[in-house]
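Dear colleague,

Please find below the structure that I am handing over to you.

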Amino acid sequence: MSATIENHWLFGYFKPFVSHRVETLRHISTLGDVTRFRLLMGVNYMVSDPQLIAQVLLDPENIFIKNRGFWSRFDDIFGQGLVISEGTIWKKHRKLMAPAFQSKTVQTYFSQMISEVDQYVCTWRTGECISVHQSMMEITLNVLNACLFNVEFADVKKQIVECIKQLESQFSLRVVRPFGFQSKWPSKINKDYWAALTKLETIVKQFINNVRAKNDDKTLLDKLVNARDEGSGGLDDNEIRDELITLILAGHDTTSITVSWALYLLSQHPHLIATLRMEWSTLDPQNLDYNSLVKLPLTRGVLRETLRLYPPAYIIGREPLVDTQIGGVKIPKSFAVVISPYAMGRDERFYKEPEKFIPQRWNEEFEKTLPRFAFIPFGGGKRTCIGEHFAMAEAAILLWRIIGKYDIEYTDNKPLQPAPVMTLTPAPFNLKVHAV
Ligand code: HEM
């Protein structure tokens with residue numbers, strides 16, 4: 001691994017970071033518990049020890065905020081949405097949105113989730129090659145809409161997918177551009193980006209208007225809109241726009257990536273499919289609760305092992321508001337602190353044979369000994385993922401309904417590789433499905 005990953009005297013780790021992003025993160029993580037590294041002129045500190053990660057994410061002194069250097073490149077998309085915002089705006093919005101993501105509320109989405117998944121996958125024919133990530137993106141968007149927004153979606157779904165693809169195709173470029181102002185030039189590539197964002201904003205604003213006209217109070221989107229109409233403490237239209245775009249982007253891509261990787265990994269381990277089917281044999285779709293599906297040992301193990309090997313959010317970034325120390329290393333104010341769920345998930349100190357897909361490792365005994373912050377696909381502390389229960393329920397349902405109905409065959413002769421952008425996307429791949 002380290003043979004190709006070199007720290008250049010001038011560029012630092014910039015070149016390998018562009019060409020082998022996750023391997024570079026992993027390499028840096030092996031250099032120490034807190035490692036100073038450079039990407040061009042930008043100095044960063046990678047934290048790779050669970051206790052020190054806890055110090056940053058739990059942040060008892062309230063000194064860390066989201067990394068502005070990174071997120072400022074995307075504030076035209078996310079605005080003041082929950083993934084970026086800080087302080088009172090973040091607190092107010094998190095409080096407003098949290099009830100829609102509690103496990104008991106997620107329980108009420110189950111029948112809609114199952115119905116959306118079934119409607120989509122029942123159209124697959126034996127022998128058909130499914131473009132997996134694309135299909136998972138479409139299903140997770142349908143589920144998100146059915147459970148959280150409930151707006152007329154069919155006509156605009158294709159446009160939303162196209163806008164997201166256009167935006168995502170440029171995320172990587174935006175991250176590695178040395179200067180933020182390069183994203184403001186009126187070049188063709190930037191104009192395409194702005195056009196996609198304007199289109200997405202128009203669709204989202206139409207959703208908000210339609211919801212306001214309906215005057216319901218059932219979904220999360222109804223509640224966000226009504227909060228504004230209740231006057232004080234509510235959200236204005238721009239705030240609702242920011243949260244809606246944040247939920248669309250943060251809420252479908254991550255889960256679709258997880259399920260895509262899980263299906264690929266299962267296609268490489270067919271013996272697990274038989275055991276999963278046995279585990280699911282007594283489930284009743286009409287009468288199911290969160291624990292009876294998501295906590296089934298192998299189902300849970302497959303999801304955790306997939307998230308360990310391929311955490312969609314493979315980097316978590318923070319910056320301190322004041323000069324501080326982590327593990328005895330001085331971190332100057334405003335410098336980037338980097339935590340990598342990918343590198344932690346493959347750390348040999350905590351995981352034997354870290355490259356291997358072994359869902360059975362997730363047993364009680366192993367989890368008792370695993371430090372809490374050695375497994376952080378959903379982050380941790382106050383900024384922990386709001387959608388964790390939603391995502392786990394949806395991913396478990398997707399696996400159950402797909403693997404329950406179809407045998408899957410990976411037809412490419414090369415192992416699937418990650419093609420990381422903002423998230424740890426797999427390279428495009430197909431699975432051939434055969435009805436069971
Ligand atoms: C497997 C699926 C998912 C993974 C791996 C994941 C991962 C993460 C991680 C690591 C963070 C914390 C980032 C940080 O600390 O800087 C986060 C935050 C967030 N996630 Fe997720 N996520 C997933 C699914 C979802 C879903 C389904 C939704 C919504 C429907 C969602 C919405 C959010 C939001 C709004 C935040 C920001 C929370 C805050 O700062 O208060 N995520 N996610």
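Two strands are taken to pair if DSSP finds at least two bridges between them. Please bear in mind that this is a predicted model.

With that definition, strand S5 (residues 316-320) and strand S8 (residues 336-339) pair: they run antiparallel and are joined by 3 bridges. In general, the strands of a sheet pair through backbone hydrogen bonds, in either a parallel or an antiparallel manner.

S5 and S8 belong to an open sheet of 5 strands, whose order is S1-S2-S8-S5-S3 and whose pairing is mixed. Strand S1 (34-39) and strand S3 (64-66) are the edge strands, each pairing on one side only. From one strand to the next, the twist averages 35°.

After H3 comes Asp 59, which has a positive phi, near 45°.

As regards the protein as a whole, its secondary structure comes to 20 helices and 10 strands. The radius of gyration is 22 Å, close to the 22 Å given by the globule rule for 436 residues, so the protein is as compact as a globular protein of that length. Taken along the principal axes, the box filled by the C-alpha atoms is roughly 55 × 55 × 45 Å. Of the 436 residues, 38% are buried. Where contacts link residues at least 6 apart in sequence, 72% of them join residues at least 24 apart.

The remaining topic is the ligand. Which residues come nearest to the ligand? Of the 24 residues around the ligand, they are Gly 251, Thr 254, Gly 379, Cys 385 and Gly 387. Helix H14 (237-267) and helix H20 (388-405) each supply at least two residues of the shell around the ligand. H14 gives the most to this shell, with 7 residues. By residue type, the shell divides into 14 nonpolar, 7 polar and 3 charged residues.

A colleague

Technical notes. Residues numbered from 1 in each chain as written. Predicted model: local features only at pLDDT ≥ 70, side-chain atom pairs only at ≥ 80, totals over all residues. Helix = DSSP H or I, 4+ residues; strand = E, 2+ residues; numbered from the N terminus. Axes fitted to C-alpha atoms, helices over the stretch in contact; angles between N-to-C directions. Rg over C-alpha atoms; globule rule 2.2 N^0.38 Å. Buried ≥ 20, exposed ≤ 12 C-beta atoms within 10 Å, placed from the backbone. Contact = placed C-beta atoms within 7 Å. Near = placed C-beta within 6 Å. Nonpolar A, V, L, I, M, F, W, Y, C, P; charged D, E, K, R; others polar.
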